[in-house]
Amino acid sequence: MSSLGILMLVHTALHRAEQVARHWTASGCPVVIHVDQKVSDKVYSDFVTACADEPLIRFSDRHVCEWGGWGIVAASQSAAELMLEAFPDVHHVYLSSGACLPLRPVDELIDYLLDRPRVDFIESATTADVSWTIGGLDQERFTLRFPFSWRKNRKLFDAYVKFQRATGMRRRIPDGIMPHMGSQWWCLTRQTLSAVLQDPRRQTYDRYFRRVWIPDESYFQTLSRLYSTHIESRSLTLSKFDYQGRPHIYYDDHLQLLRRSDCFVARKAWSHADRLYQAFLTDQAGAMRPTEPNPGKIDRVFSNAVERRTRGRDGLYMQSRFPRHGSENGLTSFPYSVFQGFAELFEDFEQWLTETTGTRVHGHLFGPERAEFSGGETIINGALSDCAVLRDYNPTAFLSNLVWNTRGERQCFQFGPGDTQKINWFLARDKNAQISVITGAWAIPLFRSNLNFADIRTAAAHLQQVEAKQIEVLRSVWAKARIRSWSLADFVESPMEPLQSVIEEIGTVHASHLTEAPTMVDLSGFGKFLQNLKNQGMHPYMMGDFPTDDVFGTRIRPYRKPYLVQ
């Protein structure tokens, strides 16, 4: 007869529970199984019959087990009482579930516990020492009442908690105990477990813990502190939880990961993970060298998995993890550049930029008529269409998808106050965006147009108003993009230095020291054009202090460095 007894709490996948139970008994470990009372009598009866040939398997009284309720503690008590009564040679009692999977030879666990005959392995910490509680109920789980199921009657649960907080209702913690919390899965010595179950005040403790929230994580964790002479506050069961407090499930592709953990038991294994059950529920003598359980060896893997699940990859939006506004892990996946006013000021700017930097340069991706992809394409990587209607349905998704599907190749595009402005905050908040703005350059196409002056004045007033709001967004404290802004007057006076800084910041292998700027459009008479706008009652201030001479440049002012927004 083994010195180790196993308690199993089972509610589903009974065929796997039988397989694991027989694995334990094959090494001489008696097993007491509790089957959730919600399992039908027919299924339960068939399960008992299937295990009838194994004398080391017993079944305890059944209870209804609800998550967060008392039933799980009652089930553990009933199974433990039967274990202590039916198997007097048992020295340690190990609580597990039907989804627990032994990872190492059972004899190694038996020897490990024999070397530590008085040690109780149970995670047990005060509420001040833990950080894993979900929902903000740490100390309150011991001082409030919880008659309603959190899962089945969430509204009643929350309403009653609020009512107790508002009225100041508090429960008195029984004298002599200090509430502790920890993993449900423990391994206690016979002395400690029997002392808890036979305590003269057990009825008082049971009555109190019946209304504690999630008592299976606090009942034995608290009471074992009264009797144990040596507690190691850790569980021998590898049990990992995600950011929502839900246990990780192990599948076939976790086989090598579980082997590296060196743990004795893992929870919880998927019932259809045939490869896991085949690998671990066999004769493993000598398969893994005896060593101290060290779940910390795989903590980094789980940490990375949680981060990938909750944050995802930069700029990748997916159905299973669509980010909330402000909590995205990067709005886009790769740096890109936005140029505003350059295509209006320079002839063939897009072609010049392509040749100078070697990047893919688009026109106005957010133009009113269509997305102007480079080379006049109508479809681009990721099957993105140039259709303005499709683009404007979700312009932020359009841009993030374009950058994602072309990651590794820097994208550049033109922008202006005539484009859709729904993208402004996205651009400003995106750390991957390099935004270069020549304010007031929108007036150059109006100056060169053949429109009636009244129409020009109306359009100029509108565009200036739009650009002013855009600049306000770019100067926001929430902006994370790399933003440079020049007035048209300042830029035209000395274009080489700002062009050089923009090109260098793109950082491609093609970028080099500029010897000449791209060809600038003819601005003769532009100053008088602006003065005419003023005379007509429209004040064009976004382009700076532009001279009124016929030919720009007859008045040279000292060069002013570009305004760095961020």
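This is a predicted model: local features need pLDDT of at least 70, side-chain atom pairs count only at pLDDT 80 or more; totals for chains, interfaces and linings use all residues.
I take helices (H or I, at least four residues) and strands (E, at least two) as DSSP runs, numbered from the N terminus. Residues are numbered from 1 along each chain as its sequence is written, and side-chain values use heavy atoms, without hydrogens and water.

Entry on Q464. I located Q464 in helix α19 (residues 453–474). Q464 is buried, at a relative accessible area of 6% (buried is under 20%, exposed over 50%, partly exposed in between; 1.4 Å probe, protein chains only). Beyond its neighbours within four places in sequence, I found Q464 in contact (heavy atoms within 4.5 Å) with W442, M538, H539, P540, Y541 and M542.

Entry on A269. I placed A269 in the loop between β10 (265–267) and α11 (274–280). A269 is also buried, with a relative accessible area of 8%. Its contacts, neighbours within four places in sequence excluded, are A99, L101, I249, Y250 and Y277. I noted a C-alpha separation of 9.1 Å between A269 and G98, which are 171 residues apart along the chain.

Entry on α7 and α9. The axes of α7 (residues 190–197) and α9 (residues 219–227) come within 9 Å and cross at roughly 110 degrees (axes are lines fitted to C-alpha atoms, for helices over the stretch in contact; angles run from 0 to 180 degrees between N-to-C directions). I therefore record α7 as roughly perpendicular to α9 (65 to 115 degrees; under 35 is roughly parallel, over 145 roughly antiparallel, the rest oblique). T192, L193, A195, V196 and L197 of α7 meet Y219, F220, L223, S224 and Y227 of α9 in this contact.
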